[in-house]
Amino acid sequence: MNTLLNKKKEPIDKLAAASGRSLGGEAIRRMLRSPVAITGGIITGLFLIVAIFAPLLEPKDPDVHYLGDQIRPNFIPGAQSGFPLGVDDFGRDFLSRLIAGAQQTLIVGVLATIVGVLIGVIIGGLAGAFGGWVDTVLMRLVDVMLSFPSLLLAISIAALFAQPSQWTVILAVSMIGVPIFARLLRGSMLSQRDADHVLAARSLGVKRGAIVFRHMLPNSLGPVIVQATLTLATSILEAAALSFLGLGDPDPSRAEWGLMLGKASHQFLDVRPELAYYPAIAIIIVALGFTLVGESLREALDPKNRR
Amino acid sequence: MQQLRLTRTRRVALIGLAGALAVSLSACAESKREEGAGGGTGGTMIFGAAGNPKMFDPAFNDEGETFRITRQIYDTLIQNKPGTADLEPSLAEKWESSNEGKTWTFTLKSGVKFSDGTPMDATAVCFNFNRWYNMKGAAAQSQMIYYGDVFEGFAKNEGDASGDPVYKSCEAKDPATAVLNLNKAKGAFPAAFTLPSFSIQSPTALKQFNADTVTQSGDSFTYSEYANKHPVGTGPFKFESWDQAKGEITLVRNDNSPSPAKLDKLIFKVIPDENARKQALKAGDINGYDYPSPADYGLLRNDGEQVLIRPSFNVLYLGINQANNPKLKDVKVRQALAYGINREQFVKSKLAEGSEVATEFVPKVISGYTDDVTKYPYDVNKAKQLLQEAGATGLTLKFYYPTEVSRPYMPNPADTFTAISEDLKKIGVNIEAHAEPWNGGYKDDVQKAGKQDLHLLGWTGDYNDAGNFVGTFFGRKKAEFGFDNPQLFSALGAADASPAGDAHAKAYQEVNKQIMDYLPAIPIAYPTPAIVVGPKVKGLVASPLTDERFNTVTVS
Amino acid sequence: MLRFLVRRLLQAIPTLFILSILVFAWLRSLPGGPAAALLGDKATPEKIANLNHVLGLDQPIFVQYFGFLGRALTGDFGNSLVSTQPVMGEIVTFLPATIELGMTAMIIAIVIGIPAGYLSARYRGGPVDNVVIVLSLIGVAVPVFFLGYMMQDILAAPLGLPSQGRQAAGLDATAITNFAILDGIMTSEWDAVWDAIKHLILPACALATIPLAVITRITRASVLDVLNEDFIRTANSKGLTQQVVRTRHVLRNGLLPVVTTIGLQTGALLGGAVLTERVFNFRGLGFLLAEGIERRDYPRLQALLLFGAVVYVLVNMLVDISYGIIDPRVRVR
């Protein structure tokens, strides 16, 4: 078989193998000692708070064209009292839009990841639970997906929709995660098939469905969460790339970091570059935060690092 | 190693190194690199174009990037005076109509030759008219958008095309006199003779390189060798090469031209990204480019570049479809929408310098424009009051706007939508937004299916005739606007039939007043695109019709 | 080896076949159709409908598909709607630019990434290690197109580098293979070579960031793994010099996963190239694709997607072969 693919799969499979053991407590302890994990945790925590409570934190209504009459093609008012970060190209309060954008960005990132997890888990779960030809066919499909450059895959899918929308972006971005989660889950299920707790349940006469849902799936959750954290960071970045290529959500009133960055870097770099810098910095920091958390989780769960 | 250099034309034909070596021996005579202003007088100009041309036979074309180039290669019978939409002689020194506009007699400039040395005379002119009229094949006919618009039908219509031909015959009375006979008079003449699609091309070259062959290739077309490699006309430049890899179209001076160029060489460099065009000009890589972003005008000027603003020949409008929502049949509601849109602020904040608020559906430079129409200045209270009177408070409208498109009349549809819908919300109208890709069915939904209540669209004029604007929009019952106003239709028909000149203009002024009272749609703005050239470029005149001819240009 | 290759090729055929049906059917189901993209502004819906009819788009879809497939098998993917030139010809013309850009980016990533990863592992926990880790983490978190714009705005002018394009406009350089540098060398047009190199630097650096970050991290991890292996301890205890241990044992064994990563990242570069080439107006396949997306040039998108799939299969095979050369154990299979 394809050794290149096998190599791409390796870390995923390694992660899968780590499941099914009780590592929780030790992992958390180890993470609390790591500055990387703490930094990531703080960034992610702050981002989540801002995103979830965005409507309460916005100093102004992000949709009102407050300074609309001052806008000129070559002039956008900068920071001033009442508008600490200035306004955007319609005179809307930029700070409020950045905060609102945190929520939209989180929604796109999280939904894309969830859709990816769901489809991936269904494929991987089916393959792992049934084995045989189901496994062969599904894994062949996953290999094809895995073999395509992720951004190109997202671009292809987004370009195929007649009408771009927030949903097409979410769906396109989610496809990046599907093959990864599918392999992850399959590996994890396979490694558990002969594990003691599954054998015990089986000998007690527990039905196959119940074993899969009550025992095998919950035990695979750890590695899925790790991978989901990493995928979230990629999702945010790829959504921004789609926006830049004009394949993003076309709703011009939506405050989403990728859209804001895409538009500002096309149009306002010379007029008011902050309009590109702020969302860019926000994206970088948040993507970094999720990566840090994901990486340190992965490291913490890696049995090799156990002492 | 100088011998290894080849001219680009030959290079295109090369497949391998072996071929290159073989040809280089015969080509070493012409193999010299141009350094600045070479042997000629005006130097070399490199111009950043915004898109790919399709090919170089304007008869089969209907978009600006191709015309930009063919305008340098060919001449038309009549042309637009530089910087205006007024007519002036080109290949025809004189033209006159008789027989109630059904006969047009052109007196041609004598002694004009095509760049291949063959004579440009009445026979050649009639050859061109006959070529268009007798064009065979559905593939070829379906591409001739302008011919279909103006002359309505072919000798034998193919595909789904229908329409009775306006063209009847063309006689070459003597080498300097061509007489064109039509089946009916049209208000579009004589202005329509300036259309680049009606450029006069060399009959010899057309025949030699099978210009009429248009074949289907997958979902697109393959054009003839003529259209791709051997276009021949009387324009100031002649075609040298088209380098796909670099995106460069190279033209050289045509010494046979009646309007010879000062430049030795004119290169069009295709740079689709506006920011990249700006970077290229800043770096001195190109000498000018089209469609600078309005945000950059100031910066460009500070750098010493010349930003030339074209007089507007565009109109952007907010379409209203009366068919789906009965409230929109009430003129008060339409007036309320007009009063409720802050067009002044939109034009100032979002459109380029030189753009103006539109008061009617024809721009100012068109004959037929009048200042004496009902105007709808921004007035929120009046708008709310009108809605109340009409019993249309809490109105919800489906607002369609296109994505993935930028046009001279509609530089940024999403921004336009945002500005207008925000205004409409303020007068209590609820907006249901529908964005659709331009090439993904927007026109179908808006112009054919009429799914919308409101929509954004506009028009760039082709020639100086008000009918080209208002006649196109409101001349008949259309799904786009969903109204039936026989009075307006007949007024437009009468204006189109009125003879060219003052009477024509007068008739259209009356129609424009009528339109602005009935308000079938809301004119928003006369946007205007600019063209920018470097400090060393002289003699380029910005044209309202984007009809810039580079024959007067020099680069020092 | 040959049988292995043939089998791999045969395996790819059904995948490509299914992909071609999916792409074709999906594109056909979209509203608008190619006529809207082919015609300019003045086209009325009636004229668009007429053109779609002329193009045979009202025929049953399977008739259209077999027509497409028949032509595609002979290498004819139809003409682009944007340029009206054969799409296959466009791909051949634009491919060298992307290869040039991708290779330069990969060289940058390898030349910087492997030493950085190695040093980081050797001085684990030290300041060098920390800096490398932080930079490599940020490297994957920066949107590539934004980085490109920043380079254009901030770096181009001070460094005297061109901020856009692949060659200076109007440069009279001979094109033979369309590899700008190679052509320049073959014809001894040294100014053209220098011009091409200058135009490559910024886009290649922008494109290199992600593979650079990934290669650095993988090298670090892999070298750390090897340092913990028994045979290193054995080598050290045998009294071999540090020099020998590092080059013969650590680097050689540590590089295996890196080679794989390089292969994977080469594929991923195609995605990044779309963004980079768009920002830098670098006329390669990514530029072609971005323009095709913007103008909804379906024939071009269709051909590029299928072409991408074919190339990916081939690249995978190449990497497998090279892997076999480096690691004799793989050959056994």
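Start with one residue pair: Gln306(B) sits across from Val533(B), which belongs to strand E21 of chain B. The model is predicted, so to speak of local features takes pLDDT of at least 70 and side-chain atom pairs count only at pLDDT 80 or more, while totals for chains, interfaces and linings use all residues. Residues are numbered from 1 along each chain as its sequence is written, with chains lettered from A and ligands numbered from 1 in the order in which they are written.

**The sheet in chain B**

E14(B) and E21(B) (residues 530-533) run antiparallel, joined by four bridges. Pairing here takes at least two DSSP bridges between two strands; helices (H or I, at least four residues) and strands (E, at least two) are DSSP runs, numbered from the N terminus. The whole open sheet has seven strands, ordered E10-E11-E12-E1-E13-E21-E14 in chain B, with mixed pairing. Its edges are E10(B) and E14(B), each pairing on one side only. From one strand to the next, the twist averages 20°.

Helix H3(B) (residues 64-73) packs on this sheet and makes about 140° with the direction of E10(B). Axes are lines fitted to C-alpha atoms, for helices over the stretch in contact, and angles run from 0 to 180 degrees between N-to-C directions.

| Strand touched by H3(B) | Residues |
|---|---|
| E1(B) | 44-49 |
| E11(B) | 248-253 |
| E12(B) | 265-270 |

**Where chain C meets chain B**

Contact (C-beta atoms, placed from the backbone, within 7 Å) links 62 residues of chain C with 59 of chain B. On the chain C side, H3(C) gives the most, with eight residues.

Note on methods. Contact = placed C-beta atoms within 7 Å.
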